[in-house]
Each structure stands twice: as structure tokens, then as C-alpha cells.
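Colleague: I am new to this structure. Please walk me through how to read it.

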Amino acid sequence: MVPMVVAAPGACHPRMGIAPHLVPGARSVLECPMRISDAEEPLAARRRLVLAGVAGFVVGAGMIGLLWASTTAVSGPTADAKAACAALSRAQPLPEGRVGRGTLEPGVLQHIMAADALASAAAEVSSTYDDLADHIDGVRRMALSLNFADPNGRRHLAQAREICDTI
């Protein structure tokens, strides 16, 4: 335990406020306290720093707002139609002939079923997507029969891809 030493009045070090001979090992610890601001520091310099900080904040917030506003956030039936097209493309490549359920790649049927549900949801809200829903439904029927060589199903697949390219 270090004994606490109190300096006698009038015996102060100019920088530490304590007589250095009274606290011999404490000089490195009790160095001059850090200054927060000096009276000599011009007020204009502090104003410039505050103004620069505020300006940086405003410019940064403006850029974030601009980027947020410029994003093409699609909602409603268009978003559902795009999601249906994405799900249909994730089911690719489809086999060419008749396959067994065990030989089909994992997730193909689920992606096609999801595409059908999303296209139906888009068509229910907007008649613009009725054709897409009809063609994806034809692809779904082909996939459920596991006969990927069905010419009618292949035609529906080609038509659905064409419509997806325009959305």
C-alpha cells in the first residue's frame, strides 16, 4: 500500500501542483492534466470544426437518403411475378424425358411449385400476369407428371421464359 502524501501549502511544483520531493515516484503518474480547451484557443476554430462535423453529417444523411430513394423497390404483383420467374429459373435445367421421382434433382419440384404459387398470386392481384400464371401452371403439370418430354409442357416453359424476360 502506498502512503498518501499531501503537499504543504506553498510547496508546489508548477506543473503538478505537488512538491516533487514529497512524492518522489509519482511524477510520471501525476503529470500535467490533459487540457480540454485553452482560453487562447480561438472560438472561430472550434466553430469551424463543429460546422464541418454538421456539414459532414448532413451530406452523409443526404447521400443515404438519395440511395435509399433511388433503389428500385418493387412491390405487389410485379415483385411476385419476378419471384415466380426467379423460382422457375432456379428449377433449371429440367430433364429432357420421363424421369423417376428419385432421379430428379433435389428442389426442382419445390421451385416449380413455388413459381406457380407466386405467379398465381401476381395474377390474382393484376390481370397483367394471367398469361405468366397460365404458362407456369402448364410447367407445373408437366413436372408433376414427371414427363419432361411433354411437348405441351415444353411450350408452356418456353412461353413462361419469354414472359419472364420482359418483366
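**Reading the fold**

Modeller: Buried residues make up 26% of the 167 residues in the protein chain. Buried means under 20% relative accessible area, exposed means over 50%, and partly exposed lies in between (1.4 Å probe, protein chains only). This is a predicted model: local features need pLDDT of at least 70, side-chain atom pairs count only at pLDDT 80 or more, and totals for chains, interfaces and linings use all residues. Residues are numbered from 1 along each chain as its sequence is written, and side-chain values use heavy atoms, with hydrogens and water left out.

Colleague: How many helices and strands does the protein chain have?

Modeller: Helices (H or I, at least four residues) and strands (E, at least two) are DSSP runs, numbered from the N terminus. Here there are five helices and zero strands. From the N terminus on, the order is α-α-α-α-α.

Colleague: What share of the contacts is between residues 24 or more positions apart?

Modeller: Contact means heavy atoms within 4.5 Å. Take the contacts with a separation of 6 or more: residues 24 or more positions apart account for 56% of them.

Colleague: What is the accessible surface of the protein chain?

Modeller: Accessible areas come from the Shrake-Rupley method with a 1.4 Å probe; for residues, only the protein chains shown count as cover. The total is about 11600 Å², and 63% of that belongs to carbon and sulfur atoms.

Colleague: Which residues does the disulfide join?

Modeller: A disulfide is a pair of cysteine sulfur atoms within 2.5 Å. This structure holds one. The disulfide joins Cys85 to Cys164, with S to S at 2.0 Å. The pair links distant parts of the chain: Cys85 sits in helix α2 (residues 77-90) and Cys164 in helix α5 (residues 151-166), 79 residues apart. The angle about the S-S bond is -85°, and the link is left-handed.

Colleague: Are Cys85 and Cys164 buried or exposed?

Modeller: Both Cys85 and Cys164 are buried.

Colleague: Which residues touch the most other members of the largest nonpolar core?

Modeller: A nonpolar core is a set of buried Ala, Val, Leu, Ile, Met, Phe, Trp, Tyr and Cys residues joined through side-chain atoms within 4.5 Å. The largest one has 28 residues, and Leu88, Leu94, Leu104, Ile112, Leu132, Ile136 and Phe148 touch the most other members. The elements that give two or more residues to this core are α2, α3 (108-125), α4 (130-145) and α5. α3 gives the most, with seven residues. Not counting residues up to four places away in sequence, Ile112 touches Ala91, Leu94, Val139, Arg140 and Ala143.

Colleague: Which residues of α5 are buried?

Modeller: Gly153, His156, Leu157, Ala160 and Cys164 are the buried residues of α5. Seen down the axis, they fall within an arc of 105°, so they line one face of the helix. Their cover includes α2 and α4. The face turned away from the buried side carries the exposed residues Pro151, Asp165 and Thr166. α5 has 16 residues and reaches 23 Å from its first C-alpha to its last, close to the 22 Å expected.

Colleague: Where does Gln159 lie?

Modeller: Gln159 lies in helix α5. At 29% relative accessibility, Gln159 counts as partly exposed. The C-alpha atoms of Gln159 and Val139 are separated by 9.9 Å, with the two residues 20 apart along the chain.

Colleague: What is the phi of Leu146?

Modeller: Most residues other than glycine have a negative phi. Leu146 is not a glycine, yet its phi is positive, about 60°. Leu146 is in the loop between α4 and α5. Its relative accessible area is 13%, so Leu146 is buried.

Colleague: Which elements do the buried residues of α4 pack against?

Modeller: They pack against α2, α3 and α5. Among them are Leu132, Ile136, Val139 and Met142.

Methods:
Expected span 1.5 Å × (residues − 1). Arc of directions from axis to C-beta.
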